[in-house]
Amino acid sequence: MRSDQVKLGAARAPHRSLLRATGVQDDDFRKPFIAVCNSYVDIIPGHVHLNEVGQFVKECVRAAGGVPFVFNTIGVDDGIAMGHAGMKYSLPSRELIADSVETMIEAHCFDGMICIPNCDKIVPGMLMAAMRCNIPTIFVSGGPMEAGRLPDGRKVDLIDVFIAAAARQDGAISEEELLELERAGCPTCGSCSGMFTANSMNCLCEALGMALPGNGTLVATSAERKRLFRRAAERIVQMVLDFEKLGPGHGLLPREIVTSQSVDNAMILDMAMGGSTNTVLHMLAVAREAGIEYDIHRIDDLSRRTPNICRVAPSSSYHIEDVHNSGGIHTILGSLERGRPGLLNLNCPTVTGKTLGENIAEYDIRRETAAEEALTMAAVTTRGERNVRGLSVERQHADIRELKEEELGFDPYDCVREVENAYSPEGGLAILYGNLAPKGAVVKTAGVLPRMLRHQGPAVIFESETDAYQGIVNGKVKPGDVVVIRYEGPKGGPGMQEMLAPTSAIKGMKLDDQVALITDGRFSGGTAGACIGHVSPEAAAGGPIGLLQPGDVIEIDIPNRTLRVHLSEEELAARRKEWKAPPPRFTKGYLAKYTRMATSADTGAILRWD
């Protein structure tokens, strides 16, 4: 085993002495050493319960015949970091997480790894490290948050609170109404309850093949998540033992599971469910670490072939818990397989030891072949109370067949639609090109109102996210305008601040059906509206977005995938000669180093030092 490098032979007596001090016993030195890579931190709701999860997984690994060792990563809560300089650390934290996980795995020669992420940059950071280290690895998240509930029964989430905060500044709602939403929006532990970045990435892990079915949708409060953790622990020990016997080439290593075909599967799922635009950024970075040539042109091709069959908050009133009761990720994939045969790559291996197609046959609850576990897991419902402890709510129904539509409160066949009843024939994300985005830009089409799919208007320019928010709430943006927020890309920001505050302000000011926004920064998965991000090259790298002047007419045509400014090439060239790169915003510390190495979003905002 890989861990033999630190535990066997006379020369390793000092190493064993140190290991004994941690509690390792004589008979443990012949067992697999399993890293339990946790991301427990107290300040992130999605992670506040992961200390308990990590200890439970540790016990399960020990029971399965492995020797578990827990370590933790850092984490940034994007919502708390939002609207101030702290958000500049959010995307850069992905690289720190990847580096720290790689360091722990390589320094201590672990045989296998269970990753317990939940939110935003933690999931892709751990995925990137898994590709680098390439040892048997399983992802099992902490689970999504329950949706909040107002006294009238309406479900709400964090985005409703952001929108209400902007509306309060405009005087559209009272202080009491805002407080009511504030108290209800984030009721339990778990990753925020809509199809935001954290939940998008945890769902994509199922289609990618790196996580067990149920990983992305089974709520954090459910005791049924213990079943997932136990299965992950048993499976990782078996994967390590199988790898010792079989060696590489048997679908047991991350780089054998994560291929261009499995990344296609993940992005097809993203298109089908209208996930976060951040998934484009992260999957490009993960693919690079896996040694895969993958670009945004391929993603747009998939979008054109993938119907959008599921819309979740902020693009609809549905939440992740509703997707789960509708059958979860493998039922979405099953609908795609039925309605678009040949779209998915069904022969891709997964961490279950079965192919994606075999997993769909077992976990698509609309099939006669659905396994009993799939039917029982889909029956998990929420308690609807605040501050319910993680992993504490027992399942109330034997299986999903006991739950009637009137008990659920919605139609599962509307939440997860069949292809013939799709929201649109194309996917929920699109890549735009033009003289304003020569290397592409990304928009979440699932969240765009029909009348805003095409829009033309004058540029109202802001040089930072905070200036944009103040400008919007203070009336500087008028109906018909195109808000431009620049110098917020990976290098210019630095760190690509999420634009949830200004996009929520546009909605809160009732301008979302009349105003578009473009930026070289990025958006929260909670963003909805005609919001176009990842404009590449970014302004700080000399991209055309940095050449814009107030009043320039910008034309957006999402159906035809174009983003352009009404300027001639001669005018752009003349402005380019006059353009000077602004000085970096940070000259010391981690962000100064990040600024020097960051690349534009079309590459996944990876770091380059060559």
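**Cavities and cores of the predicted model**

The lining of the second largest cavity comprises five nonpolar, four polar and one charged residues. Here Ala, Val, Leu, Ile, Met, Phe, Trp, Tyr, Cys and Pro count as nonpolar, Asp, Glu, Lys and Arg as charged, and the others, Gly among them, as polar. The model is predicted, so local features need pLDDT of at least 70 and side-chain atom pairs pLDDT 80 or more, while totals for chains, interfaces and linings use all residues. Residues are numbered from 1 along each chain as its sequence is written, and side-chain values use heavy atoms, without hydrogens and water.

A cavity is a set of points, on a 1 Å grid over the protein atoms alone, where a 1.4 Å probe fits but cannot get out; lining residues have an atom within 4 Å of a point. Grid points are joined across faces, edges and corners, and a volume is the space filled by probe spheres set on the points. The second largest cavity has a volume of about 60 Å³. Its lining includes Ile159, Ile163, Pro314 and Lys507. Helix 7 (158-169) and helix 22 (500-508) each supply at least two lining residues. Helix 22 gives the largest share, four residues. Helices (H or I, at least four residues) and strands (E, at least two) are DSSP runs, numbered from the N terminus.

Four cavities of 30 Å³ or more were found in the whole structure. Helix 16 (329-339) and helix 18 (372-377) each contribute at least two.

A nonpolar core is a set of buried Ala, Val, Leu, Ile, Met, Phe, Trp, Tyr and Cys residues joined through side-chain atoms within 4.5 Å. Buried means under 20% relative accessible area (1.4 Å probe, protein chains only). The largest core has 123 residues, of which Met267 and Ile332 touch the most other members. Helix 6 (residues 122-133) supplies the largest share of this core, nine residues. Another core, of 30 residues, lies apart from it and includes Ala437 and Ile532.

Helix 14 (residues 296-305) has Ile296, Ile299, Asp300, Leu302 and Ser303 as its buried residues. These lie on the same side of helix 14, because they cover an arc of only 160° around the axis, taken from the directions from the helix axis to the C-beta atoms.

How values were computed:
On a 1 Å grid over the protein atoms alone, a cavity is a set of points where a 1.4 Å probe fits but cannot get out, and a pocket is an open set with protein on both sides within 12 Å along at least five of seven lines; lining residues have an atom within 4 Å of a point. Buried means under 20% relative accessible area, exposed over 50%, partly exposed in between (1.4 Å probe, protein chains only).
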